[in-house]
Amino acid sequence: MSDDKKGSCCPDGSWPALATDTNLTGTEVKIGEMAAYESGDAATAKRAMLCIPDIFGVDSGRTKAIADQYAQCGFFAIVPDVLLVSRAHWAACLRTKCRSSVYCATFKWILGVCLRRRASFLRTGDDTRSASRFARVQGDPMVADDTVGEKIEAWAKSKRYLTVVKPRIVEAMAHIKSKGFKTMCVSGYCWGVWVAFKMMADGDVKEDLSAAVGNHPSLQIEGFHDGSAEDMATYVTTPTLLCSCANDQPYVKSDGKVAARLTKNGTPHKVIDFEQQHGFVNRGDVSDDAVRADVKRAIEEGIAFCTKYCPERA
């Protein structure tokens, strides 16, 4: 087994799932049929930020609260629910939304199979079996329990970038651009950093990205898709900040293969090796003074990096 396929998305010793912070200043919105959290005044914000959650979804710990902190520093921040989209969204994709897109053929095939197997699949009634099948096809946040390590490979493989994640990312980016922003930053946590790296190598979306922040990057996810972290970095030219942890994979640290590849690319980048456990930025216990200090530093470093590389909206 290659290094990129070793272990879980979150390595041993990582911070567990954390209930969402309830002291929030943003708003729950809909982007089409996709739920999202929005923070900041789109009319007056100078920059925009797209926040991609970890495997536990948008309600994981401080994910939304950190978006609020970006908003306080002049960003319009969006946290799209890329892991859980409504039945109506998928039905709409099947009917009209993406008929011209290559990746939507997969949506149609999956939904066609499901509809043939069970006519009630897309009904809103309380059908546990239908709901369970739908969740497995549609994509869902990881349930935080003792079996995460056992489930992560199958879960990650079901979240293919082109056919599952990208359509939702494109929709969220279009929403940001509709507010008058020509470019934006992307910030990810854990699995979300894998998504950010896929975006930075994607010719359809990378030109709209001005900077990226990766908190406790789980680029080993690419191993579940027959690739490697170094492969992912090959095409990255977007300025990138990585906040690695003590128990993260060696290749995402300051002296690792990813940083070496970014240097070879001529990509502006910074890697900070924190002596914290994976997940600390949005899930660490801030009642611990050391954790709180590093959470504060990581957020401030991210805001400063994005402020440096993302131009103000004219």
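Start by selecting helix H6 and helix H7: Tyr161, Val165, Ile169 and Met173 in H6 meet Trp191, Trp194, Val195, Lys198 and Met199 in H7. Contact here means heavy atoms within 4.5 Å, and helices (H or I, at least four residues) and strands (E, at least two) are DSSP runs numbered from the N terminus. Sorted by type, the residues of this contact come out as eight nonpolar, no polar and one charged. For that sorting, Ala, Val, Leu, Ile, Met, Phe, Trp, Tyr, Cys and Pro count as nonpolar, Asp, Glu, Lys and Arg as charged, and the others, Gly among them, as polar.

Before you move on, know that this is a predicted model, where local features need pLDDT of at least 70 and side-chain atom pairs count only at pLDDT 80 or more, while totals for chains, interfaces and linings use all residues. Residues are numbered from 1 along each chain as its sequence is written, and side-chain values use heavy atoms, with hydrogens and water left out.

Now show H6 (residues 161–178) and H7 as cartoons: they pack at an angle of about 80 degrees, with axes 11 Å apart. That makes H6 roughly perpendicular to H7. Axes are lines fitted to C-alpha atoms, for helices over the stretch in contact, and angles run from 0 to 180 degrees between N-to-C directions. Under 35 degrees counts as roughly parallel, over 145 as roughly antiparallel, 65 to 115 as roughly perpendicular and the rest as oblique.

**The sheet**

Next, colour the strands. Eight of them form an open sheet with mixed pairing, in the order E1-E2-E4-E3-E5-E6-E7-E8. Strands pair if DSSP finds at least two bridges between them. E1 (27–31) and E8 stand at the edges with a single partner strand each, so one side of each is left without a neighbour in the sheet. From one strand to the next, the twist averages 20 degrees. Bring H7 (residues 191–200) back: this helix packs on the sheet, touching E3 (47–52), E5 (184–189), E6 (209–215) and E7, and its direction makes about 145 degrees with that of E5.

Zoom in on E1 and E2, which run antiparallel and are joined by five bridges. Pick Val29, and you'll find its bridge partner in E2 is Ala36. The hairpin of these strands has two residues between them, and Gly32 there takes a positive phi near 65 degrees. Then follow E2 (residues 34–39) to E4 (residues 75–80), an antiparallel pair with four bridges; Ser39 stands opposite Ala77 in E4.

Jump to the other end, where E7 (residues 240–244) and E8 (residues 269–273) run parallel, joined by five bridges. Leu241 is opposite Lys270 in E8.

**Last stop: H11**

Which strands does H11 lie across? They are E3, E4, E5, E6, E7 and E8, and H11 runs at about 165 degrees to E6. To see the contact, select Ile66, Gln69 and Tyr70 of H1 with Ile299, Gly302, Ile303 and Cys306 of H11.
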